[in-house]
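Please read the report below alongside the sequence and the 3D view. It takes a sheet and some helices in turn.

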Amino acid sequence: MKPAYYLLTAIFLVTALVAVWTVTAANSPYRFTEYEAGFDEAESIPETNISLEPELLAIQDWQRPEGPLRVGLQVGHWKNEEVPEELEGLKKNAGGAQGGGKYEWEVMLNIATLAAEQLAQYGIEVDVLPTTVPPNYYADAFVALHADGNLDQYVSGFKIAHPRRDYSGLSAELEAIMYEQYEAATGFRRDSNVTRRMRGYYAFNWRRYDHAIHPMTPAIILETGFLTSPADRKILINNPQVAVEGIVQAVLEFLKVD
Ligand SMILES: [Zn+2]
């Protein structure tokens with residue numbers, strides 16, 4: 001065969017390879033939330049043994065601690081380097097997703113701080129919490145704030161999940177109200193890619209970790225949008241008050257405060 005033929009074949013193969021790679025990357029289902037450490041897969045404990053678990057026996061006669069309404073706003077990936085040994089695996093996440101020159105924790109800390117200020121005006125005690133939740137943490141509503149990332153900048157939208165096993169019986173309601181209010185405030189589309197991993201978020205997993213919510217805490221994880229999307233960043237970074245409005249209104253409605 002002539003050298004020219006080899007050359008043409010080589011050029012063709014390289015071109016084909018690049019084309020396949022480009023298409024695959026663009027259509028990649030990759031989302032930060034699907035690989036993020038701390039989103040545990042389904043647990044192996046069979047349902048039948050649950051009634052024997054000491055944590056659940058303890059909540060049978062549970063009464064809400066006295067005091068004003070309490071809300072926990074967790075800033076995803078904030079102070080990630082300070083996790084206790086049981087959460088060592090989270091260190092891989094560093095600052096979370098990135099976009100617009102910012103880390104996820106910075107953007108979420110800003111939103112959480114603004115929301116906390118507003119909620120405090122209603123006499124609500126608000127804890128702005130880092131990656132590590134205090135052991136057995138109880139609140140009347142717990143909202144973990146995160147932002148997603150994708151290789152494709154046109155992937156955008158928000159999504160919410162509540163714990164896979166919810167003993168408060170209220171988390172689904174908190175989720176539904178947040179969907180409505182956050183959507184109304186931001187105009188973001190709903191990203192339907194809620195995974196089992198989101199529902200197994202480590203801070204929900206009181207069975208496995210001491211640094212997790214109390215089983216009676218109504219809880220959700222809110223993926224506020226994609227930091228890799230310029231459209232979502234217009235709100236998350238440039239006009240966070242819009243996202244804050246949705247979060248605050250949802251919490252007030254859920255707690256029946258006005
Ligand atoms: Zn995150």
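The text below goes through the sheet, its central strands, the helices and the core.

This is a predicted model, in which local features need pLDDT of at least 70 and side-chain atom pairs count only at pLDDT 80 or more, while totals for chains, interfaces and linings use all residues. Residues are numbered from 1 along each chain as its sequence is written. Helices (H or I, at least four residues) and strands (E, at least two) are DSSP runs, numbered from the N terminus.

**The sheet**

Five strands form an open sheet in the order β4-β1-β5-β7-β6, and the pairing is mixed. β4 (125–129) and β6 (159–161) are at the edges with a single partner strand each, so one side of each has no neighbour in the sheet. On average, neighbouring strands of this sheet are turned by 20 degrees against each other, direction ignored. Two strands count as paired if DSSP finds at least two bridges between them.

β5 (residues 141–148) pairs with β7 (residues 219–226) in the parallel sense over 6 bridges. Here A144 stands opposite I221 of β7. β5 also runs parallel to β1, joined by 5 bridges. V143 of β5 is the bridge partner of L73, and the bridge partner of V143 in β7 is I220.

Of the 8 residues of β5, 8 are buried, so the strand is largely enclosed by the rest of the structure. Buried means that 20 or more other C-beta atoms lie within 10 Å of the residue's own; 12 or fewer means exposed, anything in between partly exposed, and C-beta atoms are placed from the backbone. In a regular strand the side chains alternate between the two faces of the sheet. In β5, A141, V143, L145 and A147 point one way, and F142, A144, H146 and D148 the other way.

**The helices**

The expected span of a helix is 1.5 Å times one less than its number of residues. The table sets this beside the distance between the end C-alpha atoms.

| Helix | Residues | Number of residues | Expected span | End-to-end distance |
|---|---|---|---|---|
| α4 | 104–120 | 17 residues | 24 Å | 24 Å |

Angles run from 0 to 180 degrees between N-to-C directions, and axes are lines fitted to C-alpha atoms, for helices over the stretch in contact. The buried residues of α5 are S171, L174, E175, I177, M178, Q181, Y182 and T186. Their cover includes β5, β6, β7, α7 and α8. G187, which follows α5, has a positive phi near 75 degrees.

α5 and α8 pack at about 145 degrees with their axes 8 Å apart. Residues of α5 including L174, I177 and M178 meet residues of α8 including G246, I247 and A250. In α8, the buried residues include V244, V248, V251 and L252. Among the elements covering the buried residues of α8 are β1 (70–75), α4 and α7 (230–236). Just after α8, K256 takes a positive phi of about 55 degrees.

**The core**

Which residues have the most contacts inside the largest nonpolar core? They are M108 and L222, in a core of 59 residues. Such a core is a set of buried Ala, Val, Leu, Ile, Met, Phe, Trp, Tyr and Cys residues joined through C-beta atoms within 7 Å. M108 is one of the buried residues of α4. Leaving aside neighbours within four places in sequence, L222 is in contact (C-beta atoms, placed from the backbone, within 7 Å) with V143, A144, L145, F158, I160, M178 and Y182.

How values were computed: Two residues are in contact if their C-beta atoms, placed from the backbone, lie within 7 Å.
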